[in-house]
Amino acid sequence: MLTSGIILLEANLLSPNPGLIFWTAVTFVIVLLILKKIAWGPIITALEEREKGIQTSIDRAHQAKDEAESILRKNKEMLAKADAEADKIIREGKEYAEKLRADITGKAQEESKKMIASAVNAIEQEKQRALDVLRNEVADLAVMGAEKIIKTALNADLQKKIVNSMLEDLSTKRN
Amino acid sequence: MKRLNVLQPKVLLKVIAILVPLIVNVGQLSSLSYAETQAVPVEVVGEHAAPAAHGADAHGEEKAGDVIMHHIFDSHVFAFEPFGEIDLPQLPPVAGIDISITKHVVMMWLVAAILLVVFSIVGSKYKNMGARQAPKGLANAMEALVEFIRLDVAKSNIGHGYERHLPYLLTVFFFILLCNLLGLIPYGATATGNINVTLALAIFTFFITQIAALKAHGVKGFLAHLTAGTHWSLWIIMIPIEVIGLFTKPFALAIRLFANMTAGHIVILSLIFISFILKSYVVAVAVSVPFSIFIYLLELFVAFLQAFIFTMLSALFIGLATAHEGHDEHEAEAAHH
């Protein structure tokens, strides 16, 4: 152990060697310059470009997502608006239809009432007229019966018979 | 049941306590018999070796130490042990500096070549690739590391304006990482296990840090920073401390990387040489091989860790030198009042 320590010291492990320093410097500088030209330049520009590319892709993706979201929102809004519109239209249509129906039925009822009223009127008139006619007829018949009674003997039975026959006549005639 | 459970580890320990000395002794016996059959007139090595055998013992250990140091040190020879070795060319010194090519220089050039080949392939792939395409294979693997250095090391430590320092940080990371890893393959040498290499890299960090600080604060701000915003009467203490602080940071970087890479190799080699020193197969199988495999795996982790730490601390120093503008100004103002 001791000897190896002495060897370490004797063999001047730490002794400077300017020639080696010189060659190291020369070799290193040449390698540095050549690598800078042929390797580090292209590699680092490529890496930076890729970094930028990835960043822009991410940005673009985010932008596209935002855009898509806004479009979706707009679509939803439009859809909602269209729904509301449709609802409104349907409601209005229904209301209009309701109103129209009410109007029509109202009118129809009025019309029918009017017609009924006029029919009743007409019936009343007809009835009045028929009654008038009947009254006249009955009066004539009564006059005719009276005439017959007077013409035949003043027999009570006969009279009764006459009146009865007259009434029967009347009834048959009427029928 | 409970009693049994308590007893079991104790029994196990006893068994181990009996077995281990037996195994070790058998190993020593076998080596002893081996030594005797070889008719070597020296007492056998081991902890109980007599002082008379100290010469041989010391010789063996010295040899082990030599081999270990040979593996760690820089040299002018690239050895491929059983196949021979390559003598590296010795260049004449320029301006009093010996600039001959050494083993570590060759390793660095190997690293540089691998880096250039790998990254020229990756770079051309990126050039041909659109921004919408995903990378595959090698490019993808490298991108993970590059992205890690870019975001987790540079961006998080330097903050604004980190792009300017990115090429340096990336290069230093991959350079150190590959130097560390190539040191772990057979016949490889760890260039980053040499203080000169790490010092040179740390000097780069030092200059880049100071230039970044000068650019961020200007000369006046840089000098004001040396006073740490204290009262002028403290400047005589603060300025030397701050100036020393400027140098200790890269110095620590250099020492940390060098020591970590060297220590791992020394530990692996020492573990292997335990079996040679004790001349026991049992020790080799039971201690040296498993432990050195464990340390080797640890070294793989340390290779990544140290490359990361060097890069991380470089980024941190640059970040510290450039940031806190408002804070420092505020402090300086407070000091004036």
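This is a predicted model: local features need pLDDT of at least 70, side-chain atom pairs count only at pLDDT 80 or more; totals for chains, interfaces and linings use all residues.
Residues are numbered from 1 along each chain as its sequence is written, and chains are lettered from A in the order in which they are written.

Let's start with α6(B), residues 195-226, where a kink of about 110 degrees is centred on B:G218. Helices here are DSSP runs (H or I, at least four residues), numbered from the N terminus. The 32 residues of α6(B) put its end C-alpha atoms only 28 Å apart, whereas a straight helix would reach 46 Å at 1.5 Å a residue; that expected span is 1.5 Å times one less than the number of residues.

## Where the chains meet

Chain A brings 34 residues into contact with 46 residues of chain B, contact meaning C-beta atoms, placed from the backbone, within 7 Å. On the chain A side, α1 (2-10) and α2 (18-151) each supply at least two residues, and α2(A) gives the most, with 27.

## Two helices side by side

Have a look at α2(A) and α3(B), residues 103-128, which pack at an angle of about 10 degrees with their axes 8 Å apart. Axes are lines fitted to C-alpha atoms, for helices over the stretch in contact, and angles run from 0 to 180 degrees between N-to-C directions. The two helices, α2(A) and α3(B), are therefore roughly parallel (an angle under 35 degrees).

Terms used
Two residues are in contact if their C-beta atoms, placed from the backbone, lie within 7 Å. Angles under 35 degrees count as roughly parallel, over 145 as roughly antiparallel, 65 to 115 as roughly perpendicular and the rest as oblique. The bend at a residue is the angle between axes fitted to the seven residues ending there and the seven starting there.
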